[in-house]
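Colleague: Could you take me through the labels attached to this model, setting the values against the cut-offs behind them?

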Amino acid sequence: MIRPARRRQPAAVVATLLTTVLLLAACGAPPKVQTALEDVGKSDGSATEGAPKGFEDFYGQSLEWTECGEGFQCATASAPLSWHDAGAGSIEIALKRIPASGQKVGSLLVNPGGPGGSGVDFVGDPARFGQSLRSSFDIVGFDPRGVGQSTPVKCFDDARKDEFLSTDYPYTPEGLADRQDAVREWGQACAENTGPLLGNVDTQSAARDMDMLRGALGDDKLNFLGFSYGTQLGATYAGLFPDRTGRLVLDGALDTTLGSDEVALQQAEGFESALRAYVTDCQASSDCPLTGDVTSGLQQIQAMVEDAEPNPIPTSSERSVTKKLAFYGVAVTMYDEGSWSFLTQALQEVFWEGTGDDLLYLADVYNDRNEDGTFKSNSEEAFRAINCADGRAEEDMTKMRELAAEIEEAAPTLGESFGYSGIECTDWPYPPAEQEFDPAAKGAPPIVVIGTTNDPATPYRWAESLANTLSSGTLVTYEGEGHTAYGRSNTCISNAVEDYLVEGTVPEDGLTC
């Protein structure tokens, strides 16, 4: 499978990324974590209550916060390399917070998704969060283990990574074998350059890090706002620690009961639906390059992507747009309907001028690639490593072919790019983690689950399923386009989220906005 559009909210709305260079305040090099407790609103010893035996020092550590840009503070926490072996050593977790502007009631951890999204970068834009949240909480972003400024997963160098992300592998026996070889080489490089952390980047370990951070931050309960993959992280936390779960909001929900193959199929269907909505909107305008009816418009997009394999689209640079890059360029604009105009602009250039500069730029936004060939983040490395640590798709080639055919039938425009997901963990150096949490999170307080009706990356049915799986799940629906809802939809959604997190007012189950 070509890596599907990430199950995450982008670092910023794509339209913003396209109109301005987004510079997020970096934390720099925060001081090391101290070992003594300091005054963070808790009594001596309370931070280590509930800590697993042998891990008390991690829970009891004191975080030394330093200024890292106007209105921000940064710190580095220490976490165990392995939550199953207290003597295995430690790693670092990078933190960045917006201190509460009013009467603080606690901390609110946030995660933008991915896996591989940076919470440190995410809080760099305070406008993402409503005034009531900024007043009542220290809003704390963190880079999960393996991600960004935390101890990272490292694989290829930039040049080899660039090649890996742009090379097409035909869906022939020879092409699929070449793809397996490339993925195998990627995994070997990750193992060599990352070390044993690669075997400990699963979501359950990251959720245990969150509980450790709860203790270090001085909170009795964890309050959490998670988007996309962040909903899996939050649901996993609640399943592991229902008695320490505070107010959780999970927006753009993943269905934690699905296997990787079902995820690929349903996500492909989600992007097909979003593309149909885009083409309908585009063709209502006189400047749309897609002719005929909606089905014809979808077929034209499909033909453009498919033709880019034998005939890469030229650009004004030495680079060209391969099939894989064309897919990325189209897919990234489906996260927010505000970005549709940029896809139209890119398609105008391809169909009317025969060049792909704008489409290439969109693909680079998706891949966090800089103009000079370097990368802004290790999101690709973390994405693959965490997914392979959490589970495996079907690896039998015959069954993969059958599933690929099913996906293409359900999503004819881009469905081919979602097939053969079992290849993506070929000979991965470490086995997947065993599930140790209760998916129902029995005993947890109400958990608010938000779904957007035409979300491409996390289809609405996943929110319905997660709300039903969680014993205390409460479903809130946003009727609209795009990925996730809070911060990009309407006041109905923002009021539901903020009233719950700040006041504890649980929205009516089934609320539709």
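Colleague: Where is Y420 found?

Modeller: Y420 is found in the loop between α15 (397-410) and β12, where helices (H or I, at least four residues) and strands (E, at least two) are DSSP runs, numbered from the N terminus. The model is a predicted one, in which local features need pLDDT of at least 70 and side-chain atom pairs count only at pLDDT 80 or more, whereas totals for chains, interfaces and linings use all residues. Residues are numbered from 1 along each chain as its sequence is written, and side-chain values use heavy atoms, with hydrogens and water left out.

Colleague: Why is Y420 called buried, and what makes its phi worth a remark?

Modeller: Buried means under 20% relative accessible area, exposed over 50% and partly exposed in between, with a 1.4 Å probe and protein chains only; Y420 has a relative accessible area of 9% and therefore counts as buried. Its phi is positive, at about 60°, although Y420 is not a glycine. Most residues other than glycine have a negative phi, and most peptide bonds are trans.

Colleague: Which features go with T484, and where is its place?

Modeller: T484, again not a glycine, has a positive phi of about 70°, and its place is in the loop between β13 and α17 (491-503). At 0% relative accessibility, T484 counts as buried. As for peptide bonds, the one from G114 to P115 is cis, with omega near 0°, and P115 lies in the loop between β6 (113-114) and α3 (119-122).

Colleague: How do you know that strand β8 is mostly covered?

Modeller: Of the 6 residues in β8 (residues 222-227), 6 are buried. In a regular strand the side chains alternate between the two faces of the sheet. In β8 both faces are covered, with L222, F224 and G226 buried on one side and N223, L225 and F227 buried on the other. L225 has 0% relative accessibility and therefore counts as buried. If its neighbours within four places in sequence are left aside, L225 is in contact (heavy atoms within 4.5 Å) with residues including L108, V110, F129, V249 and V497.

Colleague: What joins β8 to strand β5 and to strand β9?

Modeller: Two strands pair if DSSP finds at least two bridges between them. Strand β5 (residues 106-111) is joined to β8 by 4 bridges and the two run parallel, while 5 bridges join β8 to strand β9 (residues 245-251), also in parallel. The chain crosses from β8 to β9 through helix α8 (residues 229-240), and this β-α-β crossover is right-handed, a label given if, with the strands pointing away from the viewer, the path from the first strand over the helix to the second runs clockwise.

Colleague: In what order do the strands form the sheet, and what makes β2 and β14 stand at the edges?

Modeller: The open sheet has 10 strands in the order β2-β3-β4-β7-β5-β8-β9-β12-β13-β14, with mixed pairing. β2 (66-67) and β14 (511-512) each have a single partner strand, so one side of each is left without a neighbour in the sheet.

Colleague: Why is the pair of F55 and W83 called tilted, and why is that of F271 and Y335 called edge-to-face?

Modeller: Rings of Phe, Tyr and Trp (its six-membered ring) pair if their centres lie within 6.5 Å; planes under 30 degrees apart count as stacked, over 60 as edge-to-face and the rest as tilted. The structure holds 16 aromatic pairs. For F55 and W83 the centres are 4.9 Å apart and the planes at 35°, so the pair is tilted. Both F55 and W83 are buried. For F271 and Y335 the centres are 6.4 Å apart and the planes at 80°, so the pair is edge-to-face. F271 lies in helix α9 (residues 260-283) and Y335 in the loop between α11 (323-331) and α12 (340-353), so the pair ties together parts that are 64 residues apart in sequence. Relative accessibility is 1% for F271, which counts as buried, and 3% for Y335, which also counts as buried.

Colleague: How do you know that the charged end of R160 sits over the ring of F156?

Modeller: A charge sits over a ring if NZ of Lys or CZ of Arg is within 6 Å of the ring centre and within 35 degrees of the ring normal. The charged end of R160 is 4.6 Å from the centre of the F156 ring, and K161 lies over the face of F375, at 4.2 Å from the ring centre.
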